[in-house]
Amino acid sequence: MLNIVLFGPPGAGKGTHSVKLVADYEFVHFSTGDILRAEIAAKTELGLLAKSVMDKGELVSDDIVIGMMRNKIRQNKDAKGLVFDGFPRTTAQAEALDKLLEENGIAVSAMLMLDVEKQELIKRLQKRAEVSGRADDANIDIINNRIEVYNDQTLPIVDYYKNQNKFKPIDGLGTIEEIYDRIQAVIKTL
Ligand code: AMP
């Protein structure tokens, strides 16, 4: 079983490439952002709680997102593989993910980090806002805050995976096909 953490800043292409991995490898895709947006659409208590945080570009609490993943992992422990998109986003979440996987007799195979510079991220997110309808894509201050939150709270996870020899940086610039070829080349080595 191949369990991939697809990592990178907002706008790096995690969602796009997750969809391609699901189609080609039959992996199960977990996007905490998508799960949270579904909770908001369903007007659940959790959704109401998460919305104000997400609209500001801040992180939803570790307890909430870790709790969301617990059942999903248990229900999919016999899949061909799992792709984690937008999770973990803090070192506490990375530690919790290892524990949740271990409880099910599985582990993270690799963390693939899509490397994209800030101006390109902003360009992509502003373009995505035209179709995504996401409030957090539509406002430059929120985009900047999300990138800042990523740099402060999420980027330290790189060291966590480096220490486990699971860190695989990938050049995230180029066409979708070029980037996806690089991702597949790394997956072949796992
Ligand atoms: P995304 O769709 O991955 O860009 O996530 C959208 C928003 O959902 C983020 O800006 C956070 O507010 C929230 N979110 C998604 N995943 C997480 C996570 N793993 N931890 C905390 N907040 C998250």
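**Group meeting: a walk through the predicted model**

Strand S1 (residues 2-7) and strand S3 (residues 81-85) run parallel and are joined by five bridges. Within that pair, Ile4 faces Val83 of S3. Before I go on, this is a predicted model, where local features need pLDDT of at least 70 and side-chain atom pairs count only at pLDDT 80 or more, while totals for chains, interfaces and linings use all residues. Residues are numbered from 1 along each chain as its sequence is written, and side-chain values use heavy atoms, with hydrogens and water left out.

A word on names: helices (H or I, at least four residues) and strands (E, at least two) are DSSP runs, numbered from the N terminus. Two strands pair if DSSP finds at least two bridges between them.

Now the sheet. What is the order of its strands? The order is S2-S3-S1-S4-S5, in an open sheet of five strands with parallel pairing. Strand S2 (28-31) and strand S5 (167-171) are at the edges with a single partner strand each, so one side of each has no neighbour in the sheet. On average, neighbouring strands of this sheet are turned by 20 degrees against each other, direction ignored.

Helix H10 (residues 176-188) lies across S1, strand S4 (110-115) and S5, and runs at about 155 degrees to S5. For such angles, axes are lines fitted to C-alpha atoms, for helices over the stretch in contact, and angles run from 0 to 180 degrees between N-to-C directions.

Next, Val116, in the loop between S4 and H6. Ala12 and Val116 are 104 residues apart in sequence, and their C-alpha atoms are 6.0 Å apart in space.

Helix H6 (residues 118-132) has 15 residues and reaches 20 Å from first C-alpha to last, close to the expected 21 Å; the expected span is 1.5 Å times one less than the number of residues. Its buried residues are Glu120, Leu121, Ile122, Leu125 and Ala129. They pack against helix H7 (135-138) and helix H8 (140-154). After H6 comes Gly133, with a positive phi near 65 degrees.

Another helix pair is H2 (residues 32-41) and H3 (residues 45-56), packed at an angle of about 120 degrees with axes 8 Å apart. Gly33, Leu36, Arg37, Glu39 and Ile40 of H2 meet Leu46, Gly47, Ala50, Lys51 and Met54 of H3.

Last, some backbone details. Most residues other than glycine have a negative phi, and most peptide bonds are trans. Lys43, in the loop between H2 and H3, has a positive phi near 55 degrees. Lys43 is exposed, at 67% relative accessibility. Asn165 lies in the loop between helix H9 (157-163) and S5, and its phi is positive too, near 60 degrees. The relative accessible area of Asn165 is 67%, so Asn165 is exposed. Which peptide bond is cis? The bond from Phe87 to Pro88 is, with omega near 0 degrees. Pro88 is in the loop between S3 and helix H5 (91-103).

Conventions. Buried means under 20% relative accessible area, exposed over 50%, partly exposed in between (1.4 Å probe, protein chains only). Contact means heavy atoms within 4.5 Å.
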